[in-house]
Amino acid sequence: MPRNQKWTMVTGGAGFIGSHLAEYLALQGRRLRIVDDLSTGCRGNIEHLLGPDCELHPLRIGDALAAEPELFDDVDEVYHLAATVGVKCVVQDPVTAIGNNVGQTDAVLAAAARSGVRVLLTSSSEVYGRAAAKPLGEDDELHYGPTTSPRWSYALGKAINEHQALAWRARCGLEVVIVRLFNTIGPRQSGRYGMVVPRFVQWALRGEPLVVHGDGRQRRAFCDVRDVVRACMALMAEPACHGRVFNVGSDRSVSIAELARLVIDLAGSQSPIELLPHERVYGPGFEDPRDRVPDLGRIREAIGFAPAWHLEKTLSQLIEQEAVVG
Ligand SMILES: NC(=O)c1ccc[n+]([C@@H]2O[C@H](COP(=O)([O-])OP(=O)(O)OC[C@H]3O[C@@H](n4cnc5c(N)ncnc54)[C@H](O)[C@@H]3O)[C@@H](O)[C@H]2O)c1
């Protein structure tokens, strides 16, 4: 590899989506500087990539950039995925989650703006809050519940991240593209932090009940992580996409009860389905939006994106892998 080649930084690169992104970037011959505090990610996710052209820095990214600005030496792009992810983590410890998602992200954006590094910022479909549009378009109004309900702090934090990115762009021309990822699934996703698909797969294979929160009629659209990282890389590579916000995901929705039934059928399981009220999981007043499906018109027009992985194909692969690992 030529020594003058620049580095790509991936924050949160030892996590679920970040590790797939790192694999795809490595395949393209990029040199990788992965910065991950290993709070929810793990070295094992990227062990196979590590070497002279792929470094792991086990650090908290915002603090690290403040203490060691040379981390950005020879970096020309950063995919910023590091975050406290998922409503469960946020509801359990909002102070940590808000500090991490808002404070650390501003530090990354400020350092990138100062160093002329282009950024892909991972936002979330959560920013739509309880917005009811079907499908959800990037310019739709955002709608949140009261601040006394901590579940909205994740959504608001991600919305602030988008404002931070666009503010740095307005102030000093930061090249930044913002992606609102919808439900992403695939190998290496952990069920420990409340993600539905890995937990359904494990329960179905053990013959245990699949516990569906609420009435199970809420609809979500699940996209394979390999489609998601392909889209992120294409958006980063296209200067016309910088300064813009894109939904990234699948627009085929299923209800959570249908998803449970599909996993049971594909796994050949006898597991029953049990409903559990949201309040029993997250406390009183918890709200779960009914439908969350992206409008993909903008990303289709910008980079011709269409998901290639069908839900059944991803689920079958996950079931097969989990059956081997046990
Ligand atoms: N998985 C999804 O369905 C989904 C949906 C919408 C948005 N997203 C966003 O995509 C990104 C990646 O999510 P994921 O699903 O891969 O979650 P993940 O928890 O597997 O990955 C996040 C990674 O960031 C690391 N991390 C957290 N804070 C850090 C910090 N301050 N410094 C360095 N590393 C830090 C964690 O150790 C972990 O490896 C997140 O920004 C998340 O908000 C994910």
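Biologist: Let's start with Leu205: how many other C-beta atoms does it have within 10 Å?

Modeller: Leu205 has 18 other C-beta atoms within 10 Å, and is therefore classed as partly exposed. On this scale a residue with 20 or more other C-beta atoms within 10 Å of its own is buried, one with 12 or fewer is exposed, and anything in between is partly exposed, the C-beta atoms being placed from the backbone. Please keep in mind that this is a predicted model, in which local features need pLDDT of at least 70 and side-chain atom pairs count only at pLDDT 80 or more, while totals for chains, interfaces and linings use all residues. Residue numbers start from 1 along each chain, as its sequence is written.

Biologist: Which helix is Leu205 in, and with which residues is it in contact?

Modeller: Leu205 belongs to helix α6, where helices are DSSP runs of H or I with at least four residues, strands are E runs of at least two, and both are numbered from the N terminus. If neighbours within four places in sequence are left aside, Leu205 is in contact with Ala267, Ser269, Ile319, Glu322 and Ala323, a contact being two C-beta atoms, placed from the backbone, within 7 Å. Ala323 is 118 residues away from Leu205 in sequence, yet their C-alpha atoms are 7.0 Å apart in space.

Biologist: And the rest of α6, which of its residues are buried?

Modeller: Helix α6 spans residues 196–206, and its buried residues are Val196, Val197, Pro198, Phe200, Val201, Trp203 and Ala204. Their cover includes β7 (184–185), β8 (210–213), α8 (256–267) and α11 (311–325). Just after α6 comes Gly207, with a positive phi of about 75°.

Biologist: Switching to the 7-stranded sheet, in what order do the strands come?

Modeller: The order is β3-β2-β1-β4-β5-β6-β11, in an open sheet with parallel pairing; two strands count as paired if DSSP finds at least two bridges between them. The edges are taken by β3 and β11 (245–248), each of which has a single partner strand, so one side of each is left without a neighbour in the sheet. On average, and with direction ignored, neighbouring strands are turned by 20° against each other. Helix α5 (residues 152–172) packs on this sheet, where it touches β5, β6 (176–181) and β11, and its direction makes about 155° with that of β5. Such angles run from 0 to 180 degrees between N-to-C directions, with axes fitted as lines to C-alpha atoms, for helices over the stretch in contact.

Biologist: Back at strand β3, which residues are on its covered face, and how many bridges join it to β2?

Modeller: In β3 (residues 54–57) the covered face holds Cys54 and Leu56, whereas Glu55 and His57 are on the uncovered one. Strand β2 (residues 31–35) runs parallel to β3 and is joined to it by 4 bridges. Arg33 has Glu55 as its bridge partner, and Val35 stands opposite His57.

Biologist: What surrounds the ligand, and which residues are the closest?

Modeller: There are 29 residues around the ligand, and the closest are Gly12, Gly15, Gly41, Ala82 and Ala83; a residue belongs here if its C-beta atom, placed from the backbone, lies within 6 Å of the molecule. By class the shell has 11 nonpolar, 15 polar and 3 charged residues, where Ala, Val, Leu, Ile, Met, Phe, Trp, Tyr, Cys and Pro count as nonpolar, Asp, Glu, Lys and Arg as charged, and the others, Gly among them, as polar. At least two shell residues each come from α1 (16–27), α4 (94–115) and β5 (118–124), and α1 gives the largest share, 3 residues.

Biologist: What about Cys232, buried or exposed?

Modeller: Cys232 is buried, because 24 other C-beta atoms lie within 10 Å. The residue sits in helix α7 (residues 225–237) and, not counting residues up to four places away in sequence, touches Leu21, Tyr79, Leu120, Val179 and Val248. Between the C-alpha atoms of Cys232 and Val248 there are 8.1 Å, with 16 residues along the chain.

Biologist: Last topic: which domains are assigned, and how far apart do their C-alpha centres lie?

Modeller: The domain assignment, whose bounds come from an automatic or database source, gives domain 1 (7–185 + 224–250 + 295–303) and domain 2 (196–219 + 253–293 + 309–325). Their C-alpha centres lie 26 Å apart, and 15 residues of domain 1 are in contact with 11 residues of domain 2. The side of domain 1 that touches domain 2 has 6 nonpolar, 3 polar and 6 charged residues.
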